[in-house]
Amino acid sequence: MHIVILGTGMIGTTVVCEIAKFNGIDTVTAVDVRQESIDKCLEIANSPKVVGKVASLETEQDMAQVLMDADVAVACLPHSLSLIAIKAAIASKCHLVDLVGSRFNEKRALHKEAQAAGVIIVPGCGVAPGITNFLAAQGIEMLDEAEEAVMMCGGIPRHPIPPLWYQVVFRLESVLGLYTKPALAVENGELVQLLPLTGLEKITFPEPVGVCESVITDAHSTAYILKDKVKHLYERTVRYPGHWGKMNVLSELGFFDNDAISVDGMTITPRVFTEKILAPKMLGRSNEDITVLRVEVRGMKDKKATKYTWQMVDLYDHGRNITSMAKTTAIPAALMAKWIALKTITETGVAPIESLIVRERFQPFIEEMSRLGININFNEEVNA
């Protein structure tokens with residue numbers, strides 16, 4: 001089996017390393033536009049299975065050429081290239097696992113094309129979207145009647161510093177996209193769009209985290225896939241106290257706007273200006289981070305009010321020398337690619353993870369993640 005990884009940044013390199021360890025995978029090709037990035041990836045992976053390839057990834061034709069002889073691919077690319085990668089995979093008849101969950105409706109529109117090509121496309125397959133999605137789906141499946149599912153997740157610094165108590169793990173552009181995009185959710189069984197940065201609530205995690213705050217953010221594919229199975233569904237993003245208030249002030253004042261303005265004869269958007277100002281203030285004190293996750297699903301089971309809770313507090317991985325966010329994002333994607341390659345998953349079409357890792361597949365996937373260092377605790381509360 002030949003698996004191609006598109007993009008060899010922090011996540012792509014971690015995916016390469018994990019997939020190279022799996023039995024049944026013969027070759028892993030790490031693809032990037034920069035030779036230096038590939039060289040670093042190969043050095044870290046240190047596996048005879050892994051080879052590197054420099055290639056343009058700008059167009060559908062570029063990617064299709066790379067994927068032509070692959071069995072499965074994992075896209076670890078910017079949001080802007082996600083849909084292009086999916087179309088290229090369908091054209092190349094190559095299965096694809098994509099970390100990006102945005103623009104789901106456009107991706108779902110390619111379902112029949114993917115089926116005709118005999119491939120499966122799995123969008124939003126990381127930690128959130130990703131792990132949170134299938135936990136919510138499984139909780140709903142376990143109930144007789146589901147009232148509410150809330151998915152909470154956040155990547156936060158191990159050593160937060162003022163004034164924002166946050167550090168960027170990947171790209172600030174993606175973070176600000178999350179902060180400015182209307183939040184898709186489900187209320188009373190219907191899709192709704194809520195204003196960004198709304199619904200502020202406190203939430204407490206075990207040490208070393210403590211008290212945090214969350215706001216409602218985009219629920220991605222879960223809103224579409226699960227809306228007919230639960231009355232209310234929300235996704236929430238977690239930060240340390242105070243961060244959301246400061247981001248909300250900037251938003252209200254227009255610092256995140258994309259409309260161009262003129263300053264002393266120069267044209268710039270407020271958002272680009274804000275990115276330049278915020279970037280150095282979000283570098284953090286160290287690379288150490290924490291990923292917090294909690295998914296709560298409540299409803300009726302055997303005529304009793306029941307709540308299922310899954311929770312994770314994952315720290316920087318010193319054994320792998322990678323951030324927690326890199327590990328918890330890469331491992332679900334790597335496992336999904338493995339399951340597709342080894343035909344544990346045989347569906348075709350566009351299928352988000354919440355439609356795949358439920359029922360009989362749920363516990364085996366959880367157990368494989370645990371063996372790879374992602375440990376999620378489960379709790380059940382029943383009120384007579």
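Cys 17 is buried, at a relative accessible area of 15%, where buried stands for under 20% relative accessible area, exposed for over 50% and partly exposed for what lies in between (1.4 Å probe, protein chains only). The closest cysteine sulfur to that of Cys 17 belongs to Cys 41, but it sits 6.0 Å away, too far for a bond. Cys 153 is in no disulfide either, with the nearest cysteine sulfur, in Cys 212, at 11 Å. Cys 153 is also buried, with a relative accessible area of 8%. The structure holds 0 disulfides, a disulfide being a pair of cysteine sulfur atoms within 2.5 Å.

A word on the model itself: it is predicted, so local features need pLDDT of at least 70 and side-chain atom pairs count only at pLDDT 80 or more, while totals for chains, interfaces and linings use all residues. Residues are numbered from 1 along each chain as its sequence is written, and side-chain values use heavy atoms, leaving out hydrogens and water.

Next comes the sheet. Its 7 strands form an open sheet with parallel pairing, in the order E3-E2-E1-E4-E5-E6-E17. Strands (E, at least two residues) and helices (H or I, at least four) are DSSP runs numbered from the N terminus, and two strands pair if DSSP finds at least two bridges between them. Strand E3 (50–54) and strand E17 (349–350) are at the edges with a single partner strand each, so one side of each has no neighbour in the sheet.

Further in, E4 is joined to E1 by 4 bridges, and 4 bridges also link E4 to E5. Val 74 in E4 is the bridge partner of Ile 5, and Val 97 in E5 is the bridge partner of Val 74. Both faces of E4 are covered, with Val 72 and Val 74 buried on one side and Ala 73 and Ala 75 buried on the other. Strands E5 (residues 95–98) and E6 (residues 120–122) run parallel and share 2 bridges, and Leu 96 stands opposite Ile 121 in E6.

Then there is a helix pair. Helix H7 (residues 131–142) packs with helix H13 (residues 362–371) at an angle of about 145°, their axes 11 Å apart; axes are lines fitted to C-alpha atoms, for helices over the stretch in contact, and angles run from 0 to 180 degrees between N-to-C directions. The contact (heavy atoms within 4.5 Å) involves Ile 131, Phe 134, Leu 135 and Gln 138 of H7, together with Phe 362, Phe 365, Ile 366 and Met 369 of H13.
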